[in-house]
Amino acid sequence: MGETILQALADYATALSFRELPPKVVEKANDCLFDLVGCYFAAFARRGNRETVEKIMALNPAQEAVVWGTERKCGTAEAALALGCLAYDLEYDDGISMAGHWGSASIPATMLSTLAHGGDGKDLLTAIVAAYEVGTRISRMYSPRLLKKHVHFPCVMGAFAAATGYVKGAKGSAEQLAGALSLAGLFPLGTYSTATSGAPGKGLYSGWPNFLGVQAARLSAMGMVGDLDVMEHPDGFGNVFGLGEADEACRETALGGLGDGYRFMQVYFKPYPCCRWLHAPVHAVLKILRGNGLLRDDVERIAISGPEFISMYDTRTGYESKVTCQYSIPYSVGAAAYFGRLGLEEYEAPARNDMALRRFIERIKMSVDDEMQRNFPASFHAKVSLTCKDGRSFSTVAGMPWSDAEPPTKQELIDKFAFITRDVLPAEDQAAWTELYLGGMEVPGALKRAAELLGQKR
């Protein structure tokens, strides 16, 4: 059969060097790291999350890795688990469409490994790119079909990215990484129900991939590996989900253009703290309101259409849970239109329990657009039509506001970082992070300075 998919990806990732990375790729890697740090500390300041970190740290008191914001150490895998859980908590973290949330699911393991093994900022950025690249290529072999089965593929696939980042950060061999990837298939099932119901374990959907990625890398180094042809084997990875062995189309998805381009450049960022599938309709309704000077009292009804998949997010009950609302199109679009904005406060209890808002949400109707369904998942857009009480009507089609095609500016990411971390990071530390971000983690001494900031007690 020749080289397997996992072997080819491991060879690529471990051989990748910083000098090969185009400037735009380096810039994007800095974007991802900066945004991830902001997402983590924004969650760290929220009620109950400090206690969650303390409990996870107590699972393994080994003095291996500093947990950000605590000045204390615990086992590396447990530290990565805690960091990943919090980075995913607010639904502000990055992602790649039909791939996963590699920032929250892999950067913690990647950074802890790089620091533990004496790497510098260039090593970290290269490892981040490798993690996103491998994670995306493996995930996309299966994610469209897993989506149809309502499997939360970012959770299922995250360990592949985390294992790659950990081994790359440790300057491990291709053999170790291939073995770690073979074990990363010992994944959590990742049902959408836990992600959308508001269950306390929701953060594990990014925390657990970090934990598993670290352990897979360590076990592989001990010689405990799985089958390197686990993707191609009839009884391998795909068959677990009833998808069969990886065919030539899967192999092309995983290996096509490897080394010639970067799937990594398809990263999107979130201006709103909710599931990425909600961003298009939220962006569309705010665009209509702001562009035409409309207020909530002007609105008679709102119609939303898109691919069939959006019906999964037509949630109109359970608004007592913040997470349920973060996965509900009617709630999120309604809150955006009602308040004229959509941030963390619009998902807190005072907003969720506002009966006037709930009555406003009843004006929202959803339907399937056949053309958008044909183009999905290669393209995801939503159409929003708004009718005013005076008879005027407005309509627009929107995609992700901060997509890979229209990424945020550096200033927009800086503004997001400052806004979401304002309750936990003092102004001087926000300024220090901004300086590191604008200078680039590749600058000598930058990673050491970042580690100092991360290690301070908050």
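Which residues are buried in helix 13? Select Cys250, Ala254 and Leu255: these are the buried ones. Buried means under 20% relative accessible area, exposed over 50%, and partly exposed in between (1.4 Å probe, protein chains only). Helices (H or I, at least four residues) and strands (E, at least two) are DSSP runs, numbered from the N terminus.

This is a predicted model: local features need pLDDT of at least 70, side-chain atom pairs count only at pLDDT 80 or more, and totals for chains, interfaces and linings use all residues. Residues are numbered from 1 along each chain as its sequence is written, and side-chain values use heavy atoms, with hydrogens and water left out.

Now look down the axis of helix 13. Turn to the face away from the buried side. Glu248, Ala249 and Glu252 are exposed there.

Next, select Glu245. This residue sits in the loop between helix 12 (237–240) and helix 13 (248–255). Glu245 counts as partly exposed because its relative accessibility is 43%.

Move on to Met224. Find it in the loop between helix 11 (204–221) and helix 12. Its relative accessible area is 47%, so Met224 is partly exposed.

Last stop: Leu59. Look in the loop between helix 3 (49–57) and strand 1 (65–67). Leu59 counts as exposed because its relative accessibility is 61%.
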